[in-house]
Amino acid sequence: MEDLLSLIKTRQSSRGLFDTNRSISKEDLNKILEAGGWAPTAHNMQNFEIVVVDDPKILEAIGNVKITRPKSAIEENNNYVSASEEELQSRKSGILNSMPSAITEHGKDPLYEYLRKSITATSVLLIVMYDPRKRAPGSEGDFLGKISLGCVMENMWLMAHSLGIGLQIVSAVGYSDDYEKQIKGILGIPEYFERAYSCRLGYPVSTKGNYLRVRRDLEDYTHYNHFGNNNESKKV
Ligand SMILES: Cc1cc2nc3c(=O)[nH]c(=O)nc-3n(C[C@H](O)[C@H](O)[C@H](O)COP(=O)(O)O)c2cc1C
């Protein structure tokens with residue numbers, strides 16, 4: 001069990017470049033996909049499809065899709081970005097300023113270039129699609145069904161990590177109607193699906209990409225028997 005906790009704690013977002021000369025074997029890719037398939041989903045609806053993109057031409061086409069994000073989204077994002085390790089250390093949440101944060105105009109800003117490069121220069125991009133037709137029974141807004149897709153994500157992420165393969169979720173591309181339409185068009189995905197997330201997989205070129213990772217303390221988010229009682233349970 002300690003090994004599992006250590007695997008969980010050492011899994012991290014691979015935000016650096018991947019080695020494009022080193023591809024992921026079919027065997028390892030299948031292990032990652034199988035781990036995703038064995039994720040718990042509400043009512044076992046298995047409400048997802050995963051599109052594996054490993055054709056450089058298609059990766060190029062996806063990387064070149066225009067990204068636009070509302071100013072409000074950029075501002076909100078910036079509120080949770082720490083400028084230094086010290087700041088992140090004391091906040092214990094949010095992320096370090098390790099990605100360019102401003103998106104302005106297609107082809108001109110650093111975040112667009114960063115995202116384009118990270119998508120085009122990857123071995124494999126997985127596009128995880130949510131299938132709203134497989135709604136979890138009785139769940140308003142399919143809240144339970146959507147949570148389930150996070151379980152798929154974590155299973156795949158841990159499996160990849162255990163194989164020494166890096167993974168990065170790429171949600172910074174945003175979710176505009178136009179972007180989704182183009183992605184579906186490139187990949188031939190039927191209209192009724194919704195993209196839950198994309199993630200890139202590969203072997204990091206350098207471990208220098210490792211960065212400070214922080215979490216809130218256990219006592220901060222755990223409440224014993226009564227909300228606000230963060231001390232240990234008095235139960236004997
Ligand atoms: C739903 C979701 C969306 C995310 N989107 C991005 C993203 O667009 N880019 C990125 O680099 N990381 C993304 N992440 C990764 C988180 O930022 C990351 O897990 C968190 O900062 C903790 O860092 P760690 O993964 O290294 O532990 C996302 C994670 C989740 C669960």
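## Helix 3 against helix 8

In this predicted model, helix 3 (residues 56-63) packs with helix 8 (residues 177-187) at an angle of about 165°, and their axes lie 10 Å apart. Axes here are lines fitted to C-alpha atoms over the stretch in contact, with angles running from 0 to 180 degrees between N-to-C directions. The two helices are therefore roughly antiparallel (angles over 145 degrees). Their crossing is right-handed, meaning that the near helix is turned clockwise from the far one by less than a right angle.

Helix 3 brings Ile58, Ala61 and Ile62 to the contact, while helix 8 brings Tyr179, Ile183, Ile186 and Leu187 (contact means heavy atoms within 4.5 Å). By class, that makes seven nonpolar residues, with no polar and no charged ones.

## Two nonpolar cores

Now to the cores, each a set of buried nonpolar residues joined through side-chain atoms within 4.5 Å, where buried means under 20% relative accessible area with a 1.4 Å probe. The largest has 22 residues, and Ile24, Leu126, Ile165, Leu167, Tyr197 and Leu201 touch the most other members. Helix 7 (143-162) is among the elements giving two or more residues to this core, as are strand 4 (124-130) and strand 6 (194-202). Helix 7 supplies the largest share, five residues.

A second, separate core holds 21 residues, including Leu111, Leu125, Ile189 and Phe193.

## A look at Tyr197

Leaving aside residues up to four places away in sequence, Tyr197 touches Leu126, Ile127, Val128, Leu149, Val152, Met153, Ile169 and Tyr175.

## Reading notes

Residues are numbered from 1 along each chain, and side-chain values use heavy atoms, without hydrogens or water. As the model is predicted, local features need pLDDT of at least 70 and side-chain atom pairs count only at pLDDT 80 or more, while totals for chains, interfaces and linings use all residues.

Conventions:
Helices (H or I, at least four residues) and strands (E, at least two) are DSSP runs, numbered from the N terminus. Angles under 35 degrees count as roughly parallel, over 145 as roughly antiparallel, 65 to 115 as roughly perpendicular and the rest as oblique. Ala, Val, Leu, Ile, Met, Phe, Trp, Tyr, Cys and Pro count as nonpolar, Asp, Glu, Lys and Arg as charged, and the others, Gly among them, as polar. Buried means under 20% relative accessible area, exposed over 50%, partly exposed in between (1.4 Å probe, protein chains only).
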